[in-house]
Amino acid sequence: MARSSSGIVAGLTAAAIAAIGFLGYQAHATAPAHPAKAAEQAPPAPQNPAPAQQDAAKPVALPANSGTGQRVVYSVAQKRVWLVTEDGKDPKSFTVVPSTVNPVPGSYLVNSRAGTVTGSDGVPIEHVVRFASSTEGIAIGFSARVDGALPQPDPAKKTGGIRMSRADGDAMWAFALYNSKVVVVP
C-alpha cells in the first residue's frame with residue numbers, strides 16, 4: 001500500500017510542477033520584456049501627417065454624446081482617443097491610426113488584454129486592449145507597434161488594430177483595464 005501511495009503522490013507532484021511551469025511560460029510569453037517609459041521615448045516620426053494641425057496648447061474637445069464617467073472615447077472620424085477620468089476634467093487625448101475594420105459606434109467593455117503579441121498584420125505589438133469584434137469575427141482593439149512606427153494599414157487586409165505611439169500605448173494600458181468602458185463615436 002505504501003508503494004502505490006508514494007507513486008500517486010509523486011505523479012501528482014510532477015503534474016503540479018508541469019502545470020506551474022506551463023503557467024509561468026504563458027505569463028512570460030505575454031508580458032512585455034522591458035516596457036519603455038513614456039518620458040524616455042522620442043516620438044516617432046509621423047509617416048502620415050495629420051489632416052489638420054491642432055494647437056498643442058488647446059485641448060481637443062471631447063465629442064458630444066460620448067457618455068459619462070470613466071471611459072475611453074474613440075472618434076473614428078477624428079482618428080483620436082480620449083482617456084476620461086470619473087470627474088471628466090482634462091482627459092488625456094492623442095491621435096491614432098485606424099485599422100481597416102472600424103468598430104460600430106456604441107458602448108463596449110474591454111474584453112481582452114495582452115502584453116506583447118504578433119498583430120494580425122504580422123508585426124510585434126504591445127499593450128493590446130481589445131473591446132469589440134466585427135461581424136466577420138475580426139478582433140478590434142488598441143495597440144502600439146514595438147518598433148514605434150505608425151504606418152497606414154494595408155487597405156487590402158482586414159485588420160482591427162487601432163495603432164498609437166508607444167507612449168500613448170503605455171497610457172492606454174494603464175488606464176483601460178479589463179471591463180473598462182470604451183465609447184466609439186462616428
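Reader: In what order do the elements of the protein run from the N terminus on?

Author: They run α-β-β-β-β-β-β-β-β-α-β. That makes 2 helices and 9 strands in the protein. Helices (H or I, at least four residues) and strands (E, at least two) are DSSP runs, numbered from the N terminus.

Reader: And what sort of model am I looking at?

Author: A predicted one: local features need pLDDT of at least 70, side-chain atom pairs count only at pLDDT 80 or more, and totals for chains, interfaces and linings use all residues. Residues are numbered from 1 along each chain as its sequence is written, and side-chain values use heavy atoms, with hydrogens and water left out.

Reader: How many bridges join β2 to β3, and which way do they run?

Author: There are 4 bridges between β2 (residues 80-84) and β3, and the two run antiparallel. In that pairing, Arg 80 stands opposite Thr 95 in β3.

Reader: What about the sheet with 4 strands, what's its order?

Author: β5-β6-β7-β8, again an open sheet with mixed pairing. β5 (112-118) and β8 are the edge strands with a single partner each, so one side of each is left without a neighbour in the sheet. The twist there averages 30° from one strand to the next.

Reader: How do β5 and β6 pair?

Author: They are antiparallel, over 6 bridges. One detail to look at: Val 117 has Ile 125 in β6 as its bridge partner.

Reader: Switching to α2. How many of its residues are buried?

Author: 7 of 10, so helix α2 (residues 166-175) is mostly covered. Buried means under 20% relative accessible area, exposed over 50%, partly exposed in between (1.4 Å probe, protein chains only). The buried ones are Arg 166, Asp 168, Gly 169, Asp 170, Ala 171, Met 172 and Phe 175.

Reader: Which strands do those buried residues pack against?

Author: β1, β2, β3, β6, β7 and β8 (161-164). Contact here means heavy atoms within 4.5 Å. The helix lies across β5, β6, β7 and β8, and runs at about 50° to β6.

Reader: Where does the charged end of Arg 113 sit?

Author: Over the ring of Trp 173, 3.7 Å from its centre. The rule is that NZ of Lys or CZ of Arg is within 6 Å of the ring centre and within 35 degrees of the ring normal.

Reader: How many aromatic pairs does the count come to?

Author: The count is 3. Rings of Phe, Tyr and Trp (its six-membered ring) pair if their centres lie within 6.5 Å; planes under 30 degrees apart count as stacked, over 60 as edge-to-face and the rest as tilted. One of the pairs is Tyr 74 with Phe 142, edge-to-face at 5.8 Å centre to centre and 90° between the planes. This pair links distant parts of the chain, with Tyr 74 in β1 (residues 71-75) and Phe 142 in β7 (residues 139-145), 68 residues apart.

Reader: Is Tyr 74 buried or exposed?

Author: Tyr 74 counts as buried, at 0% relative accessibility. Phe 142 is buried too, with a relative accessible area of 0%.

Reader: And why is the pair of Tyr 108 and Phe 131 called edge-to-face?

Author: Because the planes are at 65°, with the ring centres 5.5 Å apart. Tyr 108 is in β4 and Phe 131 in β6 (residues 124-133), 23 residues apart. Both Tyr 108 and Phe 131 are buried. Ring pairs link Tyr 74, Tyr 108, Phe 131 and Phe 142 into a cluster.

Reader: Last one: where does Thr 159 lie, and what is it in contact with?

Author: Thr 159 lies in the loop between β7 and β8, and counts as buried at 8% relative accessibility. Leaving aside neighbours within four places in sequence, Thr 159 is in contact with Ser 99, Thr 100, Val 101, Ser 120, Ile 138 and Pro 153.

Methods. Pairing = 2+ DSSP bridges. Axes fitted to C-alpha atoms, helices over the stretch in contact; angles between N-to-C directions.
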